[in-house]
Each structure stands twice: as structure tokens, then as C-alpha cells.
Amino acid sequence: MPVFKIYGQDFGSKQLIKYWSDDSDKQAVLYHETEQDLYQNYKKENADKNVKEIEIFLKNIYKSRIYARYVMYTEAILFYNGNQAGELSKKRLSKAIKIANELKDEILLSELYSVYYEKEFHDHLTTLYHEEKAVKEQQRLGGYLLFPSLYKRNYHIAEHYYLIGDYKTSINYSKKTVAYLEKNISTDYKHYFFALDLLGESYNSINRPTEAIKLYEKLNTLGRDYYIHKNVSKNTFPFHHSYHFDWSIVAKGGLAKSLMLKGKNSLAKPL
């Protein structure tokens, strides 16, 4: 059983600026730390204060690299709050991509391409083409050593393959996310729970309920333990931004479907 670690949103604007100024091979690692700090215990007043202070900084001392990271960070806030990316997001991300090209920064550019195409500005096939291209580039440049967010990239690709009905390829990408987070679960419970659910649903979709049951049993146990530990409201629906949900509810639904596929309807009903 994993030990659940709870973090606070500790990064102030000065620390964010310091981390985002880095142009070395470790820049994606440092940015990942700031985004994880945001996600793991989001506080609206802190996030708003950081954004406002960074906007003032950029007005006084404009630095293109800081702006590009600022765009990524504000998009992460939108994602956390379940807000749809619109034309403003598209415009800002396009500008940030242009900046990365001008800086000739392969690391920053590949990150921005991932973020841009995860916003679903395009159809699934176009999105998949560019997301996979960005992931291949990140793997070429150094893999997890330089890009600790690769598990998120793999999850998003798995999700798109699921949506177009290519369940086997979705399974391959979901497995990559699950395998990484099995060893680093405290990194991101949200994506771990989503990946377990997506993997289970994909197995059910190709009529392999035995594999799905194992995943949903794990999700049932871990999701419930996390919910109890966090002691949060049960009424929050599990959108992509939400940690605050009893994932055993989702697991029971998946288990019921798996049992019905195995012809065990009587066992499924109590779930």
C-alpha cells in the first residue's frame, strides 16, 4: 500500500521566475516541479497572486522565456479548474511556440507542442499525429530524465486513441503511464487513477474483462484510501482537474461492466 503524500502550494512568484529562467537541460524538470506544486494542493488565492505578480514583472522586464513558461502555467490553471481552452489560449500558446523557435530551444518547443495539442484545438487524428511527434522528440532528447511529464503525454495519447476506437493502441500508451506511476505514485494520483480507469475500460472494450477486473480492484482500493486520507467532499465529479473524488465509485462501475461481460450479472448487481 503506498504512503499518500500531501503537498502544499509553496511556490511564490519569485521562485517561479527563478525556475522558469533556467535554459539548461533541466528546465523541463524545474517547470514540472512548479506545475506539480500547483496541482497537488491548488489554492486559488495563491495562484491568482502569483499570476498577477508575474504579469507585473513581465510588463517591467519582459523576458520571452518567462512569458512562454507563464503561458504554460496559466494553461495548467485553466486545466485544473476545468475551463475550456479558447481562442486566447490558442493565441498565447502559438506565440509561446514562436518564442521557443526563435530561442532554438528544442526542450521548450517540444513541451509547448505537447501542451498546445492537448488543448484539442484540432480533430483527434491531427492531435494524435502531433502529440506522438512531440513525445518521440522528448524521448530522443532524454526521456524521463529531462521530461518528467512524459507520463501525462502518454495518457493524453491513450485517451485520444480510445476516443477513435483504437483500444489496443490506447492500452499500449495507458500501460506506459501506469508503469511509470506504479513506481512514482506520489508524483500524480490524478493521472494514475485516470490511467487505471482508461486501461480497464479499454480492456472491457475488447472483451478482456479479466484484465479489467484486476485494474478496477486496484483502483477501488487505492481510490478509496486516497479519498479517506484527503477527507474531501464526495460531491465533486471527477473531471480531469479533480483530485477530490472517491474513485472507488468509478471502480465499482468498471467492475460491474467487467462482471457482466463475464456473464456474472448477479455479482455485478450489488456493485
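This is a predicted model: local features need pLDDT of at least 70, side-chain atom pairs count only at pLDDT 80 or more; totals for chains, interfaces and linings use all residues.
Local features need pLDDT of at least 70, side-chain atom pairs count only at pLDDT 80 or more, and totals for chains, interfaces and linings use all residues. Residues are numbered from 1 along each chain as its sequence is written, and side-chain values use heavy atoms, with hydrogens and water left out.

## Helix α6

Helices are DSSP runs of H or I with at least four residues, numbered from the N terminus. Helix α6 spans residues 106-118. From first C-alpha to last, α6 reaches 18 Å, close to the 18 Å expected at 1.5 Å a residue. The expected span is 1.5 Å times one less than the number of residues.

Eleven of the 13 residues of α6 are buried, so the helix is largely enclosed by the rest of the structure. Buried means under 20% relative accessible area, exposed over 50%, and partly exposed in between (1.4 Å probe, protein chains only). Among the buried residues are I107, L112, V115 and Y116. The cover over them includes α2 (27-40), α4 (64-80), α5 (87-103), α7 (124-141) and α8 (150-163).

D105 caps the N-terminal end of α6. One of its side-chain oxygens lies 3.1 Å from the backbone nitrogen of I107. Just after α6, E120 takes a positive phi of about 60°.

| Residue | Helix | Relative accessible area |
|---|---|---|
| E111 | α6 | 6% |
| K190 | α10 | 2% |

Which residues does E111 touch, not counting residues up to four places away in sequence? They are Q27, A28, Y31, R69, M72, Q138 and F147. Contact means heavy atoms within 4.5 Å.

K190 and Q40 are 150 residues apart along the chain. Their C-alpha atoms are separated by 9.1 Å.

## Helices α9 and α10

Helix α9 covers residues 167-183 and helix α10 covers residues 189-205. Their axes come within 9 Å and cross at roughly 150°. Axes are lines fitted to C-alpha atoms, for helices over the stretch in contact, and angles run from 0 to 180 degrees between N-to-C directions.

The two helices, α9 and α10, are therefore roughly antiparallel to each other. Angles under 35 degrees count as roughly parallel, over 145 as roughly antiparallel, 65 to 115 as roughly perpendicular and the rest as oblique.

The crossing of α9 past α10 is left-handed. That term applies if the near helix is turned anticlockwise from the far one by less than a right angle. On the α9 side, the contact includes Y167, I171, V178 and L181. On the α10 side, it includes H191, Y192, L199 and Y203.

Methods: A polar contact is a pair of N or O atoms within 3.5 Å; within protein, one must be able to donate a hydrogen and the other to accept it, and residues adjacent in sequence count only if both atoms are side-chain atoms.
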